[in-house]
Amino acid sequence: MGPVFAVVLVFVGCCSNVVFLELLVRDFPGCGNIVTFAQFVFIALEGFIFETNFGRKKPAIPISNYVIMVTMFFTVSVINNYALNFNIAMPLHMIFRSGSLIANMILGIIILKKRYSASKYLSIALVSAGIFICTIMSAKQVNVSNEGSEDQGFYTFMHWLIGIAMLTFALLMSARMGIFQETLYKKYGKHSKEALFYNHCLPLPGFLLLSTNIYNHCVLFSQSTPTLIPGVELTVPIMWIYLLINVITQYVCIRGVFILTTECASLTVTLVVTLRKFLSLIFSIIYFQNPFTTWHWVGTAVVFVGTLLYTEVWSSVRAALRGPDAKEKKAE
């Protein structure tokens, strides 16, 4: 029941989270820092009460290891959200982050000295090609939208390239964090709730560096359209409501991911997260009518096919359909 429940949490939580993140970003593109801060505070507070029993429970994994993991996690979270300030459309943001398989494989070869089959290298080539197609088409859209002024167009394009560089760095850092997390669990055992708490509690002082930006967006959120909450007869600015729902759904999503990391292999976790991103992407395009050309669809399809090929999902499905016989042969 654990893995199934975790998968449900990931799909329901993460897909809902993307919807409300896009509602926030559409009105305030630079709100990534306040969103990240709110998510970290909520999850840290919940963990402090229910996981550490108000700080009385000692961690099973040494704090020094958590500090390393937290540094990577905080960096990835902030950079991914801050990249939205650099003309990165939400669909491209999701497609680019689906390239985690590439990053995992590259770092697996470099750090863990792993070797892969030909089908794995083919799948990585497909995922890379899909992301490349979508990135190039989005670059053309950035250029077309700024044809009026050559200087302004060049500045906007360079601004966009910085966003792409940020996403690339975050992708590699996230993969490195996954490998580090996997080695920790092998050494000290699996403690998903504890890791969830420390990954969100320890980075909180780092948000002091972003305090001005967070405060400015607090003011902007408070000036948004007032909305009456049914039942309690309370009027609250709509952006604060969106932020609250985003925080709750993020908690549901990331709780599911952390449960998966303790119940399943990293490859399975990557597949589930990638499929979730694919569904979120489709919903974002249809519901919010984000610009998406035929080539974007081609690139997305190539990424999806490459992901399925990498994780050997078809072999897993066939093995599951064969039932106990297949498991007995594998055991032999």
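Searching the whole structure turns up 1 disulfide, meaning a pair of cysteine sulfur atoms within 2.5 Å. Keep in mind that this is a predicted model, where local features need pLDDT of at least 70, side-chain atom pairs count only at pLDDT 80 or more, and totals for chains, interfaces and linings use all residues. Residues are numbered from 1 along each chain as its sequence is written, and side-chain values use heavy atoms, leaving out hydrogens and water.

**The disulfide**

- Cys-14 and Cys-253 are the partners, with an S to S distance of 1.5 Å.
- The torsion about their S-S bond is about 60 degrees, so this disulfide is right-handed.
- It ties together distant parts of the chain, 239 residues apart: Cys-14 sits in helix H1 (residues 2–27) and Cys-253 in helix H10 (residues 238–263). Helices here are DSSP runs of H or I, at least four residues, numbered from the N terminus.
- Both Cys-14 and Cys-253 are buried, that is, under 20% relative accessible area with a 1.4 Å probe, protein chains only (exposed is over 50%, partly exposed in between).

**Other cysteines**

- Cys-15 is in no disulfide, and its nearest cysteine sulfur, on Cys-14, is 7.0 Å away.
- Cys-15 has 22% relative accessibility, so it counts as partly exposed.
- Cys-218, at 25% relative accessibility, also counts as partly exposed.

**Where H2 meets H9**

- Helix H2 (residues 32–50) packs on helix H9 (residues 211–222) at an angle of about 95 degrees, with axes 8 Å apart. Axes are lines fitted to C-alpha atoms over the stretch in contact, and angles run from 0 to 180 degrees between N-to-C directions.
- The contact (heavy atoms within 4.5 Å) involves Asn-33, Ile-34 and Phe-37 of H2, plus Asn-213, Ile-214, His-217, Cys-218 and Phe-221 of H9.

How values were computed:
Helix = DSSP H or I, 4+ residues; strand = E, 2+ residues; numbered from the N terminus.
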